[in-house]
Amino acid sequence: MSVSISRREAALEEWLLLFLFLSAAGWVWEVLLTACTTGVWVNRGLLRGPWLPVYGVGGVLMAAALGRLRRKWPAPLLGALTGGAVEYGTSLALELRFRQRWWDYAGLPGSLDGRVCLASLAGFALAGWAAAALTPALTARIRCLEGRERTILCRGLCLLFALDWSWALLRPNTGAGISWPA
């Protein structure tokens, strides 16, 4: 059975795979950072699987913006603004929906309602630089996948992600080192 998809569908698959890859990379970063700073292995985030969608959303927005504004905006500034906005909005939405926080920067320099701080903005500035440098190569690797392979991979991962998200809406991942009561 051959799978024939349009260029528009292929582009959507590329963006979805980029989102899922960046979400997984964010999860790896947070789990390793938590393990190194606390000595405890914690499955960070709302979901049970190995992904933190806030990183995927921020990364895809940075990649989309940098693709168009690469010559007009400095990547670190755009990364800080985009990442900060996504992090603040996500924190607020999670707190309103679940009455819990999955991160709290209260007491850190430059904290804005405990949702973002200067250190997180600096991290997003570095992410903007990395997005400008690495996203084209990552996208090229995704494009190297055969159409059928890319479609199967994308649909399979999206199904797992959707199931995880559905479960999290009913029973979010919470607990020590993961979330705090709001």
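Modeller: This model is predicted. Start in helix α5, which spans residues 147-170. Phe-161 and Trp-165 both lie there, four residues apart, about one turn of the helix. Their ring centres are 6.5 Å apart, and the pairing rule takes centres within 6.5 Å. The planes of Phe-161 and Trp-165 meet at 10 degrees, so this pair is stacked. The cut-off for stacking is under 30 degrees.

Burial comes next. Phe-161 has a relative accessible area of 14%, so this residue is buried. The limit for buried is under 20%. Trp-165 has 34%, which means partly exposed.

Phe-161 and Trp-165 form one aromatic cluster with Phe-19 and Trp-51.

Now the count. By the pairing rule there are four aromatic pairs. One of them is Phe-98 with Trp-102, with ring centres 5.7 Å apart. Their planes stand at 75 degrees, so this pair is edge-to-face. Over 60 degrees is what that label requires. Phe-98 is buried, at 13% relative accessibility. Trp-102 is buried too, with a relative accessible area of 3%.

The charged end of Arg-115 sits over the ring of Tyr-88. The distance to the centre of the Tyr-88 ring is 5.5 Å.

Key:
Residues are numbered from 1 along each chain as its sequence is written. This is a predicted model: local features need pLDDT of at least 70, side-chain atom pairs count only at pLDDT 80 or more; totals for chains, interfaces and linings use all residues. Side-chain values use heavy atoms; hydrogens and water are left out. Rings of Phe, Tyr and Trp (its six-membered ring) pair if their centres lie within 6.5 Å; planes under 30 degrees apart count as stacked, over 60 as edge-to-face and the rest as tilted. Buried means under 20% relative accessible area, exposed over 50%, partly exposed in between (1.4 Å probe, protein chains only). Helices (H or I, at least four residues) and strands (E, at least two) are DSSP runs, numbered from the N terminus. A charge sits over a ring if NZ of Lys or CZ of Arg is within 6 Å of the ring centre and within 35 degrees of the ring normal.
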